[in-house]
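Visitor: I would like to learn how to read the packing and pairing features of a model such as this one. Could we go through them together, one feature at a time?

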Amino acid sequence: ASPFIHDGLIHHCAGGGIVSALQGKGCVERNTVSENGHFEVRLSSGSSTNFEGNTICDGEFGVVVDTAAEGVFHKNHIQNLQLCAISVSTAANTTFQRNVVTHAGQHTAVQIDENGLGQFLDNTIVGHHPVSVAVAVESGSNPYFKGNDFSNDSGGGVCVSGTGKGVFESNKFHHHRLAAIEITSGGDPIVKSNDICDGEESGILVHDGGKGNISDNDIHDNA
């Protein structure tokens, strides 16, 4: 299947807003997807649908990608979710580029676990109360983050734990209430050439079995 879905309102659907599965393709552009059951958008089972210029909001989960899904999310607004804005797991390798993620839900803005992958390029990711961290990388996951702008006025920026890895390169982390980057419990990321500033706590915090390759970062004006 390869539909072109555009300029619509998709809302109040008990089974979720948009589901792309079984190697589904297609383009989804300029829609508002909101207030649907459990998730607004889900990609699974090798699907590779592209989403551009949509507003994804006001539900429990915003975007859920799993089971080797790919696809591209470009210039979407993902906001006001109750639980998690973006969830990536089970070898999903989706690209998120130039999206604005504004999150004040009960979990992290971006959750990557169960060997999730993904490329996150030039996004703006903002956390508000009661978000503990903007991004959590866990359980063997290995995403790539470059050129993103992270802030969180209620908690931390990125937490890598539980054999999570990942590359964090040339991002800006600023105005965090807790550590901008936390590495713990076997987390082992590459942290390179980031600007980490204006936080209320440590720029980078490594503890309780955390690892990591940390180089060429500019860490300044933190408490």
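**Aromatic rings, core and strands**

Guide: Phe96 is buried, as is Phe120, where buried stands for under 20% relative accessible area, exposed for over 50% and partly exposed for the range in between, with a 1.4 Å probe and protein chains only. This is a predicted model, in which local features need pLDDT of at least 70 and side-chain atom pairs count only at pLDDT 80 or more, while totals for chains, interfaces and linings use all residues. Residues are numbered from 1 along each chain as its sequence is written, and side-chain values use heavy atoms, with hydrogens and water left out.

Visitor: How many aromatic pairs does the structure hold?

Guide: A pair of aromatic rings is described by the distance of the centres and the angle of the planes. Rings of Phe, Tyr and Trp (its six-membered ring) pair if their centres lie within 6.5 Å, and planes under 30 degrees apart count as stacked, over 60 as edge-to-face and the rest as tilted. The structure holds seven such pairs; one of them, Phe51 with Phe73, is stacked, at 4.6 Å centre to centre and 5 degrees between the planes. Because Phe51 lies in strand S7 (residues 50-52) and Phe73 in strand S10 (residues 72-74), the pair ties together parts that are 22 residues apart in sequence; strands here are DSSP runs of E, at least two residues long, numbered from the N terminus. Phe51 counts as buried at 2% relative accessibility, and Phe73 counts as buried at 0%.

Visitor: Why is the pair of Phe96 and Phe120 stacked?

Guide: The ring centres of Phe96 and Phe120 are 4.9 Å apart and their planes are at 10 degrees, so the pair is stacked. Phe96 lies in strand S13 (residues 95-97) and Phe120 in strand S16 (residues 119-121), so parts 24 residues apart in sequence are tied together. One aromatic cluster includes Phe51, Phe73, Phe96 and Phe120.

Visitor: Which residues touch the most other members of the largest nonpolar core?

Guide: In soluble globular proteins, nonpolar side chains tend to be buried together. A nonpolar core is a set of buried Ala, Val, Leu, Ile, Met, Phe, Trp, Tyr and Cys residues joined through side-chain atoms within 4.5 Å. Among the 39 residues of the largest one, Val41, Val63, Phe73, Ile86 and Val135 touch the most other members. Strands giving two or more residues to this core include S6 (39-43) and S24 (181-184).

Visitor: In which sense do S21 and S24 pair?

Guide: Two strands pair if DSSP finds at least two bridges between them. S21 and S24 pair in the parallel sense over three bridges, with Val158 opposite Ile181 in S24.

Technical notes
Helices (H or I, at least four residues) and strands (E, at least two) are DSSP runs, numbered from the N terminus.
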